[in-house]
Amino acid sequence: MTIQESLLEENKYNRLIIGLDGVTTVVDVYCIQDAYPVADPRLQHAQKKALAAGLRGHKSYRQDLLDIIESVQKAVEALDRKEKVCSV
């Protein structure tokens with residue numbers, strides 16, 4: 001068994017990706033979030049859901065999409081509150 005196969009079996013959230021240089025590697029959602037940093041925890045939640053929508057086994061694809069919308073809406077509401085306070 002290769003190291004990559006071992007990492008894939010170790011955690012159901014690990015994924016094998018192919019880089020632009022053709023090299024394969026194993027990543028998880030946190031590696032993706034490190035590469036594409038998002039400061040707002042509501043958007044981090046949406047990002048994690050979007051990367052595995054419907055694949056985690058306990059919620060349907062549709063429910064994950066609805067949860068993503070809810071998280072993004074909460075981020076917009078937080079931004080609205082912040083802008084309102086800052087504009088006073």
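1. Asp67 is buried, with a relative accessible area of 10%. This value, like those below, belongs to a predicted model. The residue is placed in helix 4, which spans residues 61–86. As a spatial reference, the C-alpha atom of Asp67 is separated by 9.5 Å from that of Ala50, a residue 17 positions away along the chain.

2. Asp67 has a charged partner in Lys49: the two form a salt bridge in which the closest N and O atoms are 3.1 Å apart. Lys49 belongs to helix 3 and Asp67 to helix 4, so this pair ties together parts of the chain that are 18 residues apart in sequence. Lys49 is itself buried, its relative accessible area being 7%. Both values fall under the 20% limit that defines a buried residue.

3. A salt bridge also links the side chains of Lys49 and Asp64, with an N to O distance of 3.4 Å. Here again helix 3 supplies the lysine and helix 4 the aspartate, so parts 15 residues apart in sequence are tied together. Asp64 is buried, as is Lys49.

4. Elsewhere, salt bridges that share partners connect Lys49, Lys59, Asp64 and Asp67 into one network.

5. How many salt bridges does a search of the whole structure find? The search finds 5.

6. The largest pocket has a volume of about 340 Å³. It is lined by 15 residues, of which Tyr13, Val29, Lys48, Leu51 and Ala52 are the closest to its centre. In composition, the lining divides into 8 nonpolar, 2 polar and 5 charged residues.

7. Which elements each supply at least two residues of the lining of the largest pocket? They are strand 1 (15–18), helix 2 (29–35) and helix 3 (41–51). Helix 3 gives the most, with 4 residues. Helix 3 therefore has a part in the pocket lining as well as in the pairing of Lys49 with Asp64, which ties helix 3 to helix 4.

8. On the surface, Leu43, Val72 and Val76 form a nonpolar patch whose accessible area comes to about 190 Å² together. Val72 is located in helix 4. Its relative accessible area is 33%, so Val72 counts as partly exposed. That value is over the 30% required of a patch residue.

Terms used:
Residues are numbered from 1 along each chain as its sequence is written. This is a predicted model: local features need pLDDT of at least 70, side-chain atom pairs count only at pLDDT 80 or more; totals for chains, interfaces and linings use all residues. Side-chain values use heavy atoms; hydrogens and water are left out. Patches are made of residues with over 30% relative accessible area and no salt bridge: like charges are joined within 9 Å, nonpolar side chains (Val, Leu, Ile, Met, Phe, Trp, Tyr) within 5 Å. Accessible areas come from the Shrake-Rupley method with a 1.4 Å probe; for residues, only the protein chains shown count as cover. A salt bridge is a side-chain nitrogen of Lys or Arg within 4 Å of a carboxyl oxygen of Asp or Glu. Buried means under 20% relative accessible area, exposed over 50%, partly exposed in between (1.4 Å probe, protein chains only). On a 1 Å grid over the protein atoms alone, a cavity is a set of points where a 1.4 Å probe fits but cannot get out, and a pocket is an open set with protein on both sides within 12 Å along at least five of seven lines; lining residues have an atom within 4 Å of a point. Grid points are joined across faces, edges and corners, and a volume is the space filled by probe spheres set on the points. Ala, Val, Leu, Ile, Met, Phe, Trp, Tyr, Cys and Pro count as nonpolar, Asp, Glu, Lys and Arg as charged, and the others, Gly among them, as polar.
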